[in-house]
Amino acid sequence: MRFYSCDSHVVEGRDAFAGLEEKFGRQAPHIERDVGGKRGEYLVIGDSRPVPVGRLGIAGKRLDDPATDELIAQGYEGLNPGVLDSEKRLAEQDRDGICGEVMYPSLSMFTFAVEDNKIKEAAFQRHNDWVFDYCSPDPDRLIGIGCLPVPDIDACIREVKRAGEKGVRGFSIPSHTLISQPYCDPAYDPLWAILQEMNLPITMHIFTGTSFDCGLPDHWGTPGGTVKGYTLSHTTVVNSTIDLIMGGVVERFPRLKFVLAEFETGWVAHFKQRFDHAAYRTPWELDKSLTMKPSEYFDRNFWVTFEDDIHGIQTRQDIGIDNLLWGNDYPHHDSIWPNSMSVLDKVFQGVPDDEREKMVWSNVIDLYNLDPAKLPG
């Protein structure tokens with residue numbers, strides 16, 4: 001059995017942000033050292049809370065170990081070797097027993113919340129070019145996901161064409177977007193059309209939103225900063241998923257592929273059942289074009305990632321085994337790297353091999369149209 005992580009990350013290098021501050025000012029994402037008297041390197045965007053670069057690449061280390069604090073304080077220099085050197089990353093894949101990774105952004109996740117659309121478009125062009133170059137040593141084992149500057153739809157379409165034709169294999173959009181322009185707004189239809197035409201999967205990842213609170217109410221706090229915010233973070237992507245289904249987007253564009261990443265999966269089976277019942281209770285809220293139950297659209301158009309979520313695996317039949325994708329979250333601090341195989345043995349106790357194989361291998365191979373013959377094993 002072979003394993004392919006469908007939820008890993010790049011950590012964007014300094015060069016991914018070079019020149020943005022000089023062109024746009026401090027509201028543009030940029031890297032600073034020793035911010036606010038704290039050692040290390042940080043992503044800084046205006047007056048928002050600085051993000052420590054070093055914390056995003058310390059997989060295999062414990063947060064309660066003082067030695068880890070020293071690594072974080074080193075910034076880029078403290079990251080695992082393969083985080084910035086993609087050829088060395090292939091050896092780190094081998095160490096974890098996996099064949100490849102789909103890699104979402106790390107620092108660029110926070111750029112989704114930049115209000116200036118010109119800054120966001122320029123920053124994501126830099127990100128997408130950086131990701132493409134990072135993956136170039138082995139684009140079958142290294143799939144870097146690009147970012148789109150939602151809510152500027154024209155800019156998104158330009159970037160899908162530019163980066164997609166260059167070779168970027170999929171794109172990330174924020175899990176929460178403007179209340180005034182939800183994803184079911186017909187204004188997005190040209191974007192959905194080009195993504196469907198180019199057969200590019202779309203990811204909505206935890207910690208992403210067109211505002212830093214990711215759409216959560218003030219008394220909950222942010223997904224990354226409070227207990228309530230993190231525990232309830234999946235509600236942001238549930239909201240967007242309801243809009244995409246209820247608003248008829250996946251009826252109009254039946255070949256769209258949405259990946260809900262790093263929200264785990266224990267909530268999904270109940271969500272599908274409750275969404276169907278809500279549609280029965282208030283059918284007038286559904287787009288009149290719908291021809292299937294909400295859960296059936298979910299089965300056809302949505303995938304969800306898990307890391308070590310036992311409850312999701314216990315309800316896998318109701319979630320849909322074909323809709324489950326495993327990821328090790330490398331190189332973030334809560335990653336299960338380099339112990340993925342032993343963790344999966346515990347999570348998959350009693351799960352038949354053919355079901356395991358789908359969740360850790362064939363589902364992601366099909367989703368990204370990969371050739372298994374080009375992969376190790």
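Is K272 buried or exposed? In this predicted model, K272 has a relative accessible area of 7%, and since the limit for buried is under 20%, K272 counts as buried. K272 forms a salt bridge with D299, and the closest N and O atoms of the two are 2.5 Å apart. K272 belongs to helix α10 (residues 268-281) and D299 to helix α11 (residues 294-301), so this pair ties together parts that are 27 residues apart in sequence. D299, with a relative accessible area of 35%, is partly exposed.

The salt bridges in the model number 17. Another of them joins the side chains of R316 and E355, at 2.6 Å from N to O. R316 lies in helix α13 (residues 316-319) and E355 in helix α15, so here the parts tied together are 39 residues apart in sequence. R316 and E355 are both buried.

E159 pairs with R162, with 2.7 Å between the closest N and O atoms. Both residues lie in helix α5 (residues 153-166), 3 residues apart, which is about one turn of the helix. E159 is buried at a relative accessible area of 3%, whereas R162 is partly exposed at 31%.

Next comes the sheet. Strands of a sheet pair through backbone hydrogen bonds, in either a parallel or an antiparallel way. The sheet described here is open and has 6 strands in the order β7-β8-β9-β10-β11-β12, with parallel pairing. Its edge strands are β7 (146-147) and β12 (324-326), each of which pairs on one side only. β7 runs parallel to β8 (residues 171-176), and 2 bridges join these strands. C147 stands opposite S172 in β8. Helix α15 (residues 353-367), which also holds E355, lies across β10 (258-261), β11 (302-306) and β12, and runs at about 105° to β12.

Which residues touch the most other members of the largest nonpolar core? They are Y4, L191, W192, F258 and Y368, in a core of 76 residues. Helix α15 gives the largest share of this core, 6 residues. Leaving out residues up to four places away in sequence, L191 touches L148, I153, C156, I157 and V160. Another core, of 29 residues, lies apart from the largest one; V10, V11, L56 and C135 are among its members.

A pair of aromatic rings is described by the distance of the centres and the angle of the planes. The model has 15 aromatic pairs. In the pair of Y183 and W192, the ring centres are 5.8 Å apart and the planes meet at 65°, so the pair is edge-to-face. Y183 is buried, at a relative accessible area of 1%, and W192 is buried as well, at 0%. The pair of Y330 and W337 is tilted, with 4.8 Å from centre to centre and 55° between the planes. Y330 is buried at a relative accessible area of 1%, and W337 is buried at 6%.

How values were computed: Residues are numbered from 1 along each chain as its sequence is written. This is a predicted model: local features need pLDDT of at least 70, side-chain atom pairs count only at pLDDT 80 or more; totals for chains, interfaces and linings use all residues. Side-chain values use heavy atoms; hydrogens and water are left out. Rings of Phe, Tyr and Trp (its six-membered ring) pair if their centres lie within 6.5 Å; planes under 30 degrees apart count as stacked, over 60 as edge-to-face and the rest as tilted. Buried means under 20% relative accessible area, exposed over 50%, partly exposed in between (1.4 Å probe, protein chains only). Two strands pair if DSSP finds at least two bridges between them. Helices (H or I, at least four residues) and strands (E, at least two) are DSSP runs, numbered from the N terminus. Contact means heavy atoms within 4.5 Å. Axes are lines fitted to C-alpha atoms, for helices over the stretch in contact, and angles run from 0 to 180 degrees between N-to-C directions. A nonpolar core is a set of buried Ala, Val, Leu, Ile, Met, Phe, Trp, Tyr and Cys residues joined through side-chain atoms within 4.5 Å. A salt bridge is a side-chain nitrogen of Lys or Arg within 4 Å of a carboxyl oxygen of Asp or Glu.
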